[in-house]
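Reader: Hi! Could you walk me through this model, starting with the aromatic rings?
Author: Happy to, here it comes.

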Amino acid sequence: MELSLQSRCEKFTENRNILKESFRWDSQEMYLLVSTLYTLAGKTADAEKLRDCEKLIKEETGTFSGYRGHIRHPLAARMAMSADPKAYLDGVKILCDMLSGNRSGASVYKIISAMVLMDHTGCMTAEDEVEDTLDIFGRMKKEHPLLTKDEDMPFAALLAASKADIDCIGLETEECYEILRHRISNNNAVQSLSHVLALSGNDCEEKCDKLMKLSEELRIRNKDYGRDHELAVLGALTITELSAEEAAERIKNADDYIKSATENISEEHRMMYAAMLVLEDEEIKHNMAASEKYGDFLCRIILLEMAIIIMMLSLIETFKED
């Protein structure tokens, strides 16, 4: 394993151990999600500050509020890593209300969307971005009314915050979707995956072929990668310069490391986190490269954020099934 990737795996495991020793959460996988948030931010988990932020969420929200559900753990982590935790929470609440049309009740998907806007704009009254989010989400529902659900709103928020060319991305998304729906049976997963692939300017057939090749290379290495939300994280790796073989080998190595340091985690989700660490490791290398173009840099940042959203959604869907 490359030293840089090993270092990320070690930090990931360190953060997970800090969280596991300090909290008694309902799910083993929640420790992985929150430790990933800290690891991707280049930070060591601060249990005391995280506990203070969870207490603040309880103080500032109603008894039956959506903020008190499982989303409170990643929300508290984002708060703890911000300069002003209360201001971050206030901003998320205001943005969530705006996304809801100022109606009462905050769904977990709108909370995640508000977190995306807060992270990217740093503004609790990002009216333009909220309007763009709702517009993009409306387009998604119009184009795929049976597939588009509330869980797609965070993707719309990320595209709105990035100021990407929505019309161009829309065409790319549709082309990737048409290619992949004949190769992957889960249409909901294909929609999320297509959002990710559309962010790369590469040829759609080429991107989709690389994804399927990467999936096959993992199977050759006896790694059974998930076929749901997790696929979109794998899709994000297609924009990197890694070949399918190189990416598969690094995911295998990261997964083996995580497996040796954790327990009671499904293989599908464990491998998703392994792929996430490989993606982040590649992003750090590219961001340090002097030749990095601004457009490519922005695209990679968006992809990384999209992968984080997918991890949150994947875990939330797991709790819904339970």
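Author: A definition to begin with: rings of Phe, Tyr and Trp (its six-membered ring) pair if their centres lie within 6.5 Å, and planes under 30 degrees apart count as stacked, over 60 as edge-to-face and the rest as tilted. By that rule, F23, W25 and Y31 form one aromatic cluster. Two notes on where this comes from: it is a predicted model, where local features need pLDDT of at least 70, side-chain atom pairs count only at pLDDT 80 or more, and totals for chains, interfaces and linings use all residues. Residues are numbered from 1 along each chain as its sequence is written, and side-chain values use heavy atoms, with hydrogens and water left out.

Reader: Thanks! How many aromatic pairs does the structure hold?
Author: There are three. One of them joins F12 and Y273, whose ring centres are 6.3 Å apart with planes at 35 degrees, so this pair is tilted.

Reader: Which helices do F12 and Y273 lie in?
Author: F12 belongs to α1 (residues 3–22) and Y273 to α14 (residues 267–288), so the pair ties together parts that are 261 residues apart in sequence. Helices here are DSSP runs (H or I, at least four residues), numbered from the N terminus.

Reader: And are F12 and Y273 buried or exposed?
Author: Both F12 and Y273 are buried, where buried means under 20% relative accessible area, exposed over 50% and partly exposed in between (1.4 Å probe, protein chains only).

Reader: What about W25 and Y31, how are their rings arranged?
Author: The W25 and Y31 ring centres are 5.2 Å apart and the planes are at 20 degrees, so the pair is stacked. W25 and Y31 are buried too.

Reader: Switching topic: how many residues of α8 are buried?
Author: Ten of ten, in a helix that covers residues 153–162. Among them are M153, P154, F155 and S162. Just after α8, K163 takes a positive phi of about 60 degrees.

Reader: Nice. Now helix packing: at what angle do α9 and α10 pack?
Author: The angle between α9 (residues 166–180) and α10 (residues 187–197) is about 140 degrees, and their axes are 8 Å apart. Axes are lines fitted to C-alpha atoms, for helices over the stretch in contact, and angles run from 0 to 180 degrees between N-to-C directions. The two helices, α9 and α10, are therefore oblique to each other; angles under 35 degrees count as roughly parallel, over 145 as roughly antiparallel, 65 to 115 as roughly perpendicular and the rest as oblique.

Reader: Which residues of α9 make the contact?
Author: T173, C176, Y177 and L180 do, and on the α10 side the residues include N187, V190 and L197. Contact means heavy atoms within 4.5 Å.

Reader: What's the angle for α4 and α5?
Author: About 130 degrees, with the axes of α4 (residues 72–80) and α5 (residues 85–99) 8 Å apart. That makes α4 oblique to α5. In this contact, L75, R78 and M79 of α4 meet P85, Y88, L89 and V92 of α5.

Reader: One last stop: where is Y38?
Author: Y38 sits in α2 (residues 28–40), and Y38 is buried, with a relative accessible area of 2%.

Reader: What does Y38 touch?
Author: Not counting residues up to four places away in sequence, Y38 touches several residues, including N15, K43, D46, A77 and M81. As for A77, Y38 and A77 are 39 residues apart in sequence and 7.5 Å apart in space, C-alpha to C-alpha.
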